[in-house]
Amino acid sequence: MRLILLAVALCLGVSAHAELRYRLEPRQIAEGTWLFEGSTENFEKSNGANIVNTAFIVTAEGVVVIDTGPSRRYGEEMREAIARVTGKPVVKVLLTHHHPDHVLGNQAFADVPIAALEGTTELLREQGDAMAENMYRMVGDWMRGTEVVLPSETLTPGELQVGDHRLQLLALRGHTGADLAVFDETTGVLLAGDIVFYQRALTTPNSPGLDVWLADLDTLQALPWKLLVPGHGPVSDNAQPFEQMRDYLGWLDELMRTSAEQGAEMGEVTQAPIPPRFAGISLTRYELIRSATHLYPKYEAQALSRVDQ
């Protein structure tokens, strides 16, 4: 009987492991440009951390990949999906920033140049292992076999010609201090990375300041884009994502600044009412709590003078 139960358990374990597939289906959004759209949820075992937008561009020279996703398994499925679309090789990977949901699929692309801003590489070197361990805790077996792979090339902001696509690489800072946005001048597609969240509350663990982030939004919106791909949330052909971002960042800044001036405790900030206009945005309360933890001490330091000076 024990042998039978053990055999059944092993079969169930193998079956459960085999079912851990993202089933990535690329969607064409422009000429030669394909998107893998993630959910606007939080990291969960039910989604395997597939909460991110990644993409690839098929050029005459080969394929350019924008971000590699949250795990080795995701990256491998990306390559499989790319191969279903085109027989052209992957010639370059561009990483928008160092956060784990965007870069932990790098192992699947270790045979091609993986390029990032210098600051992104340094942040991934400093924080990558800790972030990967945290992902293992949150989503479990989806991360099996995943290890941090650092970029192999340093990007220089400016123009990058790949085959018949002319890409403009923009070095920004608002989300992590080292953020890449990619504007495809050939198609008008703007891949904004996590400088833009849409219908999903933004995250702030490495932000140098909300004022910096707002300035980055101005830079991106001024480009002659036709289609906007946020790092998280649905694609848009209008300025609504920028408007929502500015509104949300403005509210967050005012809440923290006013609270600090009034001497409020951090716990009071985390329980502040969410404006009704943000009710449809995913994870607003959760991210408000995190943002208060990340940012409120700076607002307190600015508002409160030291008694020993």
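**Close-up 1. Strands E11 and E12 at the largest cavity.** Strand E11 and strand E12 (227-232) each bring at least two residues to the lining of the largest cavity; strands (E, at least two residues) and helices (H or I, at least four) are DSSP runs, numbered from the N terminus. The model is predicted, so local features need pLDDT of at least 70 and side-chain atom pairs pLDDT 80 or more, while totals for chains, interfaces and linings use all residues. Residues are numbered from 1 along each chain as its sequence is written, and side-chain values use heavy atoms, leaving out hydrogens and water. On a 1 Å grid over the protein atoms alone, a cavity is a set of points where a 1.4 Å probe fits but cannot get out, a pocket is an open set with protein on both sides within 12 Å along at least five of seven lines, and lining residues have an atom within 4 Å of a point. The largest cavity has a volume of about 70 Å³, a volume being the space filled by probe spheres set on the points, which are joined across faces, edges and corners. Among its lining residues you will find Asn 53, Asp 67, His 102 and Gly 193.

**Close-up 2. The second largest cavity.** This one holds about 50 Å³ of space. Helix H6 (residues 240-261) gives the largest share of its lining, three residues. The lining includes Phe 197, Arg 200, Met 245 and Tyr 248.

**Close-up 3. The largest pocket.** Here the volume is about 410 Å³. Of its 23 lining residues, Phe 43, His 99, Pro 100, Pro 205 and Arg 290 are the closest to the centre. Helix H3 (100-103), helix H4 (118-139), strand E11 (189-197) and helix H8 (284-303) each give two or more residues to the lining, and H4 gives the most, with six.

**Close-up 4. The seven-stranded open sheet.** Its strands follow the order E1-E2-E3-E4-E5-E6-E7, with mixed pairing; two strands pair if DSSP finds at least two bridges between them. Strands E1 (27-30) and E7 (153-154) are at the edges with a single partner strand each, so one side of each has no neighbour in the sheet. Strands E3 (residues 54-58) and E4 (residues 63-66) run antiparallel, joined by four bridges. Take a look at Val 58, whose bridge partner in E4 is Val 63.
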